[in-house]
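I opened the notebook to look up a few local features. My entries follow the model below.

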Amino acid sequence: MGMTIGEKILARASGKDVVKPGEIITAKVDLCMSNDGTTHLNIDIFENQLKAEKVYNPDKVVFIVDHNVPSESAKTAEVHKKMRIFAQKHQIPFYEGTGVCHQIMIEDFVVPGQLIIAADSHTCSYGGLGAFGTGVGCTDFTSVMHTGEIWLMVPETLKFIIEGKFKPGVYARDLILKIIGDIGANGANYKIMEFGGPAVKDFTIDDRVVLCNMAVEAGAKSGLIAPDETTIEYVTSKGRQDMHLFTSDEDAVYEKIYYYNLDELEPMIAIPHCVDDVVPIKEISEVKINQGFIGSCNNGRIEELRAAAEILRGNKVDPYMKLLISPASKAIYLQALSEGLIDIFVESGAMVLNPNCSVCWGSCQGVIGEGEVLLSTGTRNFKGRAGHPNSSIYLASAATVAASALTGKITDPRGAVQ
Amino acid sequence: MIKLIKGKVWKFGNDVDTDQIIPSQYLLLPTVEEMKQYTFEPLDKDFASTICAGDVIVGGENFGSGSSREQAPLVLKALGVSAVVAKSFARIFFRNAINIGLPVILCKEVYDDVQNQDTLEIDVQRGSIRSVKSGEIFTSTTLPAHVMNILKAGGLIGFLNQK
């Protein structure tokens, strides 16, 4: 009986030839990452509960300050200070203000076939490069930082076979919203979501990360796409070599297989307050928005910024709303500058923010007031996540946010895209 | 050994997410003690001031969905919640709760039987839940041995320190 990509990565990490769903393994972790959302607690556990003195291997640990950047209060500044001092003491690679943690990991660290755990739920993003990433809490993270190992239950795998091509105005973001809407917010609970099929070879790295990043919104432990020429080219262009190119066996066992045809896909939107309340945008009419946001670990990459710029070029944001745009990393920000995208954004009336988690996480920038509506490319539309408990969040693609920013209400981007 | 649990019920619905349990803006407070007063603030502002030590949370499907923030089970534990019983749990919340020694119990049937302020008696190791009001006894899913050992040690740190 064959194995899926995910099972092969977990077998390699646990030193076994074969693993099966339901089996509990102890795996060696290739990398672990933590951000300022929880690291202050990690450090407390490490120093005061574990009473540990050394991290197992500083080269395999990364600290990234991305949630409250720059700090908005003295208390947050103390958290960042604590992180900075700990990282320096243990010689851990440390990033501050250079982008969203998952984008930095993809640009600077992730290699196909790795097992990566991080203290953030969207760690599943790394499946876009064929690595098994999974999010954990601070006790798990701290234990890994100390021992280099973690216990894991091998999950079942769901396969999503995708064919066809994206039509103009329709993006990977619409596909993952459609899938989550279909299977539900716990439709993949504890499982791997493996994306494959003939359409995947045409997917860019950005598309692949968009799909895998949101796997956790269906409850998944990880999202995965088999590495191919596109992956190898991306990883080697970053100067990284040692990769394990696992693909699923022909006779691998899946719990369930789903089929999607991109030729039939249209722009989708998640309505408040759950990520699985998804409908085609054409079913939404006359929803006025107070703020748009383009950014986050899901949708702040160069391709999304280009799609938004195409729509905003030469046009003005509705004067009675705000549009906030945050590139996902410094590299993306610089790329957008060199392509003239930032000029387009600023001239249209958008506010361009430094690379960070920003509005998506709803604690530092761009929070909204009572009764206000946010249309966001962020990862979640939970009640109150973007500010006042009685505010609403809709989720859609960067193109949809841009098109809607011009009209001040939720708008299908297909009318604005060539 | 895990002690038998007996506590009053606080009942919630489906898809209770981590932002509802502890909103983002309180996560970077220096300690869990400072965070816990904001537990469930978007759903019930008075929750933190009225819950009693030993009380039990009963949730529907997908309890704890969303963020990996361990602050979510930590604030519940800090308020004295003795267990969370739900129809299903989001993966990371479930794992985080075990790791901090907060019993999380899977049981579909008890949800429809109980109301707020009913009392439940829970035997985590045997996998049984008794409603004091109705007298009904429900079977819950027991944990794999490895996971139960972590819970018995009071959480992952206790488990690692035992080794």
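**Helix α13(A).** I looked up how well helix α13 (residues 398-407) of chain A is covered, and 8 of its 10 residues are buried. I count a residue as buried under 20% relative accessible area, exposed over 50% and partly exposed in between, with a 1.4 Å probe and protein chains only. The buried residues are Ala398(A), Ala399(A), Thr400(A), Val401(A), Ala402(A), Ala403(A), Ser404(A) and Ala405(A). Their cover includes β14 (291-294), α9 (296-299), α10 (302-312), β15 (322-325) and β17 of chain A. Gly408(A) follows α13(A) and has a positive phi, near 80°. Helices (H or I, at least four residues) and strands (E, at least two) are DSSP runs, numbered from the N terminus.

**Ground rules.** This is a predicted model: local features need pLDDT of at least 70, side-chain atom pairs count only at pLDDT 80 or more, and totals for chains, interfaces and linings use all residues. Residues are numbered from 1 along each chain as its sequence is written, chains are lettered from A and ligands numbered from 1 in the order in which they are written, and side-chain values use heavy atoms, with hydrogens and water left out.

**Thr379(A).** I found Thr379(A) in the loop between β17 (373-376) and β18 (392-395) of chain A. Thr379(A) is buried, at 0% relative accessible area. I listed its contacts (heavy atoms within 4.5 Å), leaving out residues up to four places away in sequence. Among them are His122(A), Asn213(A), Glu217(A), Cys297(A), Cys360(A) and Arg385(A).

**Helix pair α2(A) and α3(A).** I checked α2 (residues 39-49) against α3 (residues 74-90), both of chain A: their axes come within 9 Å and cross at roughly 50°. That makes α2(A) oblique to α3(A). Angles under 35 degrees count as roughly parallel, over 145 as roughly antiparallel, 65 to 115 as roughly perpendicular and the rest as oblique. The crossing is left-handed. From α2(A), the residues that meet α3(A) include Ile43(A) and Phe46(A). On the α3(A) side, Val79(A), Met83(A) and Phe86(A) are among the partners. By class, the contact has 5 nonpolar, 3 polar and 3 charged residues.

**Cysteines.** Is Cys138(A) buried or exposed? Cys138(A) is buried, with a relative accessible area of 0%. Cys52(B) is partly exposed, at 36% relative accessibility.

Definitions and conventions
Axes fitted to C-alpha atoms, helices over the stretch in contact; angles between N-to-C directions. Left-handed = near helix turned anticlockwise from the far one by under 90°. Nonpolar A, V, L, I, M, F, W, Y, C, P; charged D, E, K, R; others polar.
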